[in-house]
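Dear colleague,

Here is the structure I said I would pass on. Please have it open while you read the notes below.

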Amino acid sequence: MKLEVINSPFSEEQVKQLNEVLVNLTSQQKIWLTGYLSATASLQGTEVQKEISFNTAPVASSPTAVKQITILYASQTGTAQGLAKKYGEHLRDIGFEVSVSSMNDFKTNALKKLDHLLIVASTHGEGEPPDNAISFHSFLYGKRAPKLEHVKYAVLALGDSSYEHFCKTGKDFDEQLEKLGAERIVERIDCDLDFDEPAAKWFELVKEKLQEDGAVQELYKKEAAPTVAAPTTEYSRKNPFHAEILEKINLNGRGSNKETIHLELSLENSGLSYEPGDSLAIYPTNNENLVASLISALGFEEDTKVNVGEISLSLKEALTDLLEITVLSKPLMEKIAQFTTNEEFQKLLLNKEDLKQFTHGRDLLDVVEVFGPFSWDPQSFVNLLRKLPARQYSISSSQSAYPDEVHVTIGAVRYEVDNRNRLGVCSTYVADQLEIGDKVRVYVQQNPNFKLPEDDKPIIMIGPGTGVAPFRSFMQEREERGAEGKSWLFFGDQHFVTDFLYQTEWQGWLKDGVLTKLDVAFSRDRDEKVYVQHKMQEHAAEIYEWLEQGAVVYVCGDKENMAADVQNTLLNIISKQGNKSQQEAKEYLEDLQKQKRYQRDVY
């Protein structure tokens with residue numbers, strides 16, 4: 001169809017321009033433009049309209065074979081899960097048939113039926129699969145794993161380069177699928193904490209390959225115009241909310257070896273929402289004294305202009321607000337090696353154990369002081385560094401109880417290495433630099449893998465130290481709901497008098513019946529150290545009885561020591577009280593995980 005001046009409201013020049021554009025548009029582009037113009041017209045004269053959407057008739061084309069796209073995610077804190085669901089929705093919108101599933105919920109015998117498999121996998125701790133991927137990971141590496149020559153796949157790996165085994169879970173899946181005969185459709189991409197750009201690149205490559213592969217159903221593909229929404233501000237990792245501090249309290253008593261900050265923040269007018277079990281991410285700034293010492297050791301001027309991405313600012317501003325300077329990772333050390341001929345530094349890189357020992361607890365200032373000088377200039381030095389990531393803390397409040405607030409519980413990290421005091425970046429930023437009335441940049445990180453049951457199932461909560469934070473939110477939520485299910489808290493710390501976090505609140509909930517049982521372990525109050533796992537062992541029979549009654553077990557806190565000890569204790573309780581072998585106890589616990597009755601938020 002061609003526009004003519006006589007049958008349109010356009011001038012001759014406008015008609016000419018429109019005909020030049022229209023002739024080159026695809027049918028999908030024309031439909032999109034139709035919807036856009038309709039939405040724009042309907043917006044005029046409307047004072048408040050949040051969302052406008054409309055449908056167009058299906059566009060018929062030659063039918064092709066429909067193939068199922070399966071997206072599996074391995075996610076501990078919810079990041080990989082969020083990406084998987086977002087990618088699934090996008091693929092559905094452009095006509096693919098897609099199923100998105102946690103690896104825990106995926107039936108492994110269905111692998112034989114797959115055509116296309118996309119995996120989004122995070123790595124937990126030192127190279128371990130997230131809890132919801134352990135059984136699937138074991139299956140793929142076991143004798144029962146099937147040949148997968150019929151499967152085409154792609155893997156997106158998420159990780160943290162400050163850990164030795166960066167993105168190992170994603171690498172494992174990628175390599176094992178290939179060994180089982182599956183065909184890789186795009187190369188794996190390994191993402192650090194700032195994952196947006198590389199993850200988007202991976203997805204675009206995957207989408208192109210899937211479209212080339214004919215995996216999309218063309219016959220009744222919806223060519224609906226996109227939703228046109230009124231402009232709103234959505235706060236997220238890329239656009240954090242500036243939350244005002246309403247309250248700041250040190251929960252530890254005088255004489256304690258610890259400093260635990262209870263922070264209350266206003267979310268008023270933010271639109272942010274959260275559930276018990278979610279985390280609050282806080283963007284910190286680096287300590288100004290450390291920044292000054294680093295710039296001095298480098299021999300640079302603090303007001304030298306540098307570029308971080310598209311932002312131009314002073315070196316001092318870049319190192320204070322935007323870049324990470326306190327974490328030494330192997331990838332960073334390898335980049336630094338390009339700027340020095342120091343033999344000791346080169347030897348350090350070649351010795352895995354020596355490198356691990358040196359980087360633990362040290363920072364960039366140590367590298368510059370011990371191995372300098374280096375051949376870099378301010379800009380090339382800045383180019384080596386990754387962006388300063390937000391730190392995540394378990395939310396310790398229920399939004400039902402505090403609709404316009406969010407609370408977090410933060411233990412200040414302070415230690416000494418080489419006669420220099422070291423400071424946790426975010427914890428001491430909060431403890432030392434922020435006061436009531438100040439604002440801090442935050443966003444909510446949802447954690448769908450650490451959630452209260454919707455019904456009144458019994459719950460067992462194990463959280464020593466700041467690991468108790470989410471359980472405070474659990475109790476507030478259950479109190480608001482009027483839930484009647486039994487609840488049991490195991491809490492531990494150093495001293496009863498100074499370190500019993502939220503003591504009066506727990507005792508109040510115990511008195512009111514919101515909390516059914518409370519067992520505490522204070523390790524430094526007696527000669528023989530007692531921890532939460534010892535208290536669990538004392539109540540082994542009752543814990544197993546609760547498990548048989550359908551209780552959900554939650555563990556929050558230190559992954560390396562506490563969480564491992566607690567899990568071993570649970571296995572021991574299940575074995576002895578249930579009269580099971582160690583293997584049967586392990587299978588029992590794995591079944592609890594699959595039922596979402598054993599959930600961990602460990603770090």
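Is Asp196 buried or partly exposed? Asp196 counts as partly exposed, at 28% relative accessibility. Buried means under 20% relative accessible area, exposed over 50%, and partly exposed in between, with a 1.4 Å probe and protein chains only.

Some notes on the source. This is a predicted model, in which local features need pLDDT of at least 70 and side-chain atom pairs count only at pLDDT 80 or more, while totals for chains, interfaces and linings use all residues. Residues are numbered from 1 along each chain as its sequence is written, and side-chain values use heavy atoms, with hydrogens and water left out.

The chain has 603 residues, and 49% of them are buried. It contains 21 helices and 23 strands; these are DSSP runs numbered from the N terminus, with helices (H or I) of at least four residues and strands (E) of at least two. Among contacts (heavy atoms within 4.5 Å) with a separation of 6 or more, 76% are between residues 24 or more positions apart.

Now the salt bridges. The structure holds 36 of them, each a side-chain nitrogen of Lys or Arg within 4 Å of a carboxyl oxygen of Asp or Glu.

Asp196 forms a salt bridge with Arg237, and the closest N and O atoms are 1.7 Å apart. Arg237 is in the loop between β8 and β9 and Asp196 is in helix α6, so the pair ties together parts that are 41 residues apart in sequence. Arg237 is buried, at 16% relative accessible area.

Glu435 and Lys248 also meet in a salt bridge, at 4.0 Å from N to O. Because Glu435 lies in the loop between α14 and β18 and Lys248 in strand β9, this pair ties together parts 187 residues apart in sequence. Glu435 is partly exposed at 45%, whereas Lys248 is buried at 18%.

A salt bridge joins Lys451 to Asp278, with 2.7 Å between the closest N and O atoms. The two residues are 173 apart, Lys451 in the loop between β18 and β19 and Asp278 in the loop between β10 and β11. Both count as buried, Lys451 at 17% relative accessibility and Asp278 at 2%.

Lastly, strand β23 covers residues 598-602, and five of its five residues are buried. Tyr598, Arg600 and Val602 are on one side, with Gln599 and Asp601 on the other. Strand β22 runs parallel to β23, and five bridges join the two; strands pair if DSSP finds at least two bridges between them. Val553 stands opposite Tyr598.

Regards
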